[in-house]
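Me: I am new to this structure. Please walk me through how to read its features.

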Amino acid sequence: MPAFNDTMRKFGAPQTVIHSFRYWSVMLRPAQVTLGALVLAAHEPARAFSELSPASFAELHETVNQIEGALTRAFQYDKINYLMLMMVDPDVHFHVIPRYAQPSQFADMEFIDSGWPAAPNLGKVNETGERTNQLIIERIKTCWL
């Protein structure tokens with residue numbers, strides 16, 4: 001298990017961790033902009049993308065493939081966006097936002113992608129509680145290969 005940096009802890013690690021690699025961790029984004037929104041965080045102490053090691057970049061390819069496969073199996077998204085903002089949380093991380101043309105149903109809830117078809121609307125989240133977020137984590141984990 002990796003050491004969790006401040007950014008990872010802000011997004012709920014270790015409770016929100018879905019899968020850890022050597023250089024990256026995939027976590028559920030507690031504020032579900034869309035169904036299955038994730039945070040992909042680097043383990044290395046880097047504050048700029050260019051500071052990551054070549055090994056971290058190499059592992060990123062496998063990490064992205066596994067994320068997209070698991071989210072496809074779990075929720076059949078229409079598109080996917082990777083946002084590297086790092087304005088508030090300085091450690092290298094991406095917001096992984098599955099995109100949906102139509103509302104999605106999960107755990108007796110309707111999830112709306114309020115930004116579709118434009119950029120994700122990070123200010124508008126689908127209100128989920130700890131129980132629903134745990135169900136989303138479990139669903140993604142069962143779809144991880």
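Reply: Start with a pair across two strands: Leu83 stands opposite His95 in S5. This is a predicted model, where local features need pLDDT of at least 70, side-chain atom pairs count only at pLDDT 80 or more, and totals for chains, interfaces and linings use all residues. Residues are numbered from 1 along each chain as its sequence is written, and side-chain values use heavy atoms, leaving out hydrogens and water.

Me: How many bridges join S4 to S5?

Reply: Strands are DSSP runs of E, at least two residues; helices are runs of H or I, at least four; both are numbered from the N terminus. Two strands pair if DSSP finds at least two bridges between them. Here 5 bridges join S4 to S5 (residues 93-99), and the two run antiparallel.

Me: In what order do the strands form the sheet?

Reply: The order is S1-S2-S3-S5-S4, an open sheet of 5 strands with antiparallel pairing. S1 and S4 (79-83) are the edge strands, each pairing on one side only.

Me: Which helix packs on the sheet?

Reply: Contact means heavy atoms within 4.5 Å. Helix H2 (residues 54-75) packs there, touching S1, S2 (24-28), S3 (38-42), S4 and S5.

Me: Is Ser20 buried, partly exposed or exposed?

Reply: Buried means under 20% relative accessible area, exposed over 50%, and partly exposed in between (1.4 Å probe, protein chains only). Ser20 is at 29%, so it counts as partly exposed. Ser20 lies in S1 (residues 17-20).

Me: How far apart are Ser20 and Leu83?

Reply: They are 63 residues apart in sequence and 19 Å apart in space, C-alpha to C-alpha.

Definitions and conventions: Axes fitted to C-alpha atoms, helices over the stretch in contact; angles between N-to-C directions.
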